[in-house]
Amino acid sequence: MNSTELNQSVVTFCLLDVGYSQIFNTCLLEVAVILFLTVLIISGNLVVIFVFHCAPLLSHHTTSSFIQTMAYADLLVGVSCLIPSLSLLHHLEGLDEELTCKIFGYMVCVLKSVSMASLACVSVDRYVAITRPLSYTALVTPCRLRACIALIWLYSALIFLPSFLGWGKPGYHGDVVEWCSSSWATQPLFTAFIVAALYAPAALTVCFTYAHIFRICRQHTRQISQRRARFGPQEPEPGEPACPDKRYATVLFRITSVFYLLWLPYIIYFLLESAGIYRHPAASFLTTWLAISNSFCNCLIYSLSNSAFRKGLKRICLLCLQRSDTTKKPLGAPPAPTRPACHV
């Protein structure tokens, strides 16, 4: 056997046809993409969690609980993405490929299901807040909120459990491991079950609620304009669904829209591949990691769109800079007045 045949025999399995390195014996392009997304997802969601923890004003809306749930789930997605990275770098060679693949695929699918269900619950929460402003606080209590979040995690864990036990394949997140790509096949019945139990209800809920939210806010704005034209400026009546809510709903709608735009290619490929219409390793890799990149986009859009979040982040950065300045002062200098690190 010559050297060329020897090199070909030890070539690492790569989903993408480009980017393989003979020097490192790994798929450099895949490793670079996964590690880059891992760093972005972990760092971005850590910032979101820290700002929420230190800025109590962000907890004014009950939706902040769902946003924080999404941030924790996305953070765990970033941590779990270390598994395919370590696999490509040959640090998991002693582990069973089948078990590693199933555990990783199950974990990521559950965590992304939590994000999807949380977005649907956010839209329902905003719908109730605008359509029933007087009874909102009685309907949405902290106890019910915690129960809803617990149900989201339980439901997400249960609907993907059949795939872990051998019925179907939940996605292509572990396909960088050769067994996942070549030996774990999707099944049309399981794919239809996931679409019917998760993707379709979540998407329909979001479309229904936000369509009604913006219609109601548009009607309310028109009524206010007509009153001002007839009677001049007036104070808003108590209990009217005024629309700072619309502004906040717009922020959440942007997050939801980007979520489904990034997941749409993955869902389409999932359906096509399950039906046996189209299959390509590069398509599965690109659509999967495009969908996973949403775990970073959530925190980016929220930070750019929410003024309270930006103010909280800015205050925390200023406090950190002030503390770093005080540590650099000479010993004889009087100490600067200290302020608490949180509660911005």
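On one side of helix 7, Cys 143, Arg 144, Arg 146 and Leu 151 are exposed. Here exposed means over 50% relative accessible area, buried means under 20%, and partly exposed covers the values in between, with a 1.4 Å probe and protein chains only. The model is predicted: local features need pLDDT of at least 70 and side-chain atom pairs count only at pLDDT 80 or more, while totals for chains, interfaces and linings use all residues. Residues are numbered from 1 along each chain as its sequence is written, and side-chain values use heavy atoms, with hydrogens and water left out.

**Helix 7**

Helices (H or I, at least four residues) are DSSP runs numbered from the N terminus. Helix 7 covers residues 142–159, and its 18 residues should span 26 Å at 1.5 Å a residue, which agrees with the 26 Å between its end C-alpha atoms. The expected span is 1.5 Å times one less than the number of residues. Leu 145, Ile 149, Ile 152, Ser 156 and Ile 159 are the buried residues of helix 7. Viewed down the axis of helix 7, its buried residues fall within an arc of 115°, so they line one face of the helix. This arc is taken over the directions from the helix axis to the C-beta atoms. In general, an α-helix has 3.6 residues a turn, so residues three or four places apart point the same way.

**A nonpolar patch**

Leu 151 belongs to helix 7 and is exposed, with a relative accessible area of 55%. Together with Leu 154, Leu 158, Leu 161 and Leu 165, Leu 151 forms a nonpolar patch on the surface, with about 500 Å² of accessible area in total. Such a patch joins nonpolar side chains (Val, Leu, Ile, Met, Phe, Trp, Tyr) within 5 Å, from residues with over 30% relative accessible area and no salt bridge; like charges are joined within 9 Å. The areas come from the Shrake-Rupley method with a 1.4 Å probe, and for residues only the protein chains shown count as cover. Helix 7 gives the most to the patch, with three residues.

**Salt bridges**

Side chains of opposite charge can pair when their charged atoms come close. A salt bridge is counted when a side-chain nitrogen of Lys or Arg lies within 4 Å of a carboxyl oxygen of Asp or Glu. The count by this rule is three salt bridges.

| Salt bridge | N to O distance |
|---|---|
| Asp 74 and Lys 112 | 3.3 Å |
| Asp 125 and Arg 126 | 2.9 Å |
| Glu 273 and Arg 279 | 2.6 Å |

In the salt bridge of Asp 74 with Lys 112, Asp 74 lies in helix 3 (residues 63–80) and Lys 112 in helix 5 (residues 97–131), so the pair ties together parts that are 38 residues apart in sequence. Asp 74 is buried at 1% relative accessible area, and Lys 112 is buried at 2%. Asp 125 is buried at 5%, as is Arg 126 at 2%. Glu 273 is buried, with 10%, whereas Arg 279 counts as partly exposed at 47%.

**Helix 5 and the cysteines**

Gly 105 also has its place in helix 5 and counts as buried at 4% relative accessibility. Gly 105 and Cys 180 are 75 residues apart in sequence, yet their C-alpha atoms are 9.0 Å apart in space. Cys 109 is buried, with a relative accessible area of 4%, whereas Cys 207 is exposed, with 53%. The structure contains zero disulfides, a disulfide being a pair of cysteine sulfur atoms within 2.5 Å.

Note on methods. Helices (H or I, at least four residues) and strands (E, at least two) are DSSP runs, numbered from the N terminus.
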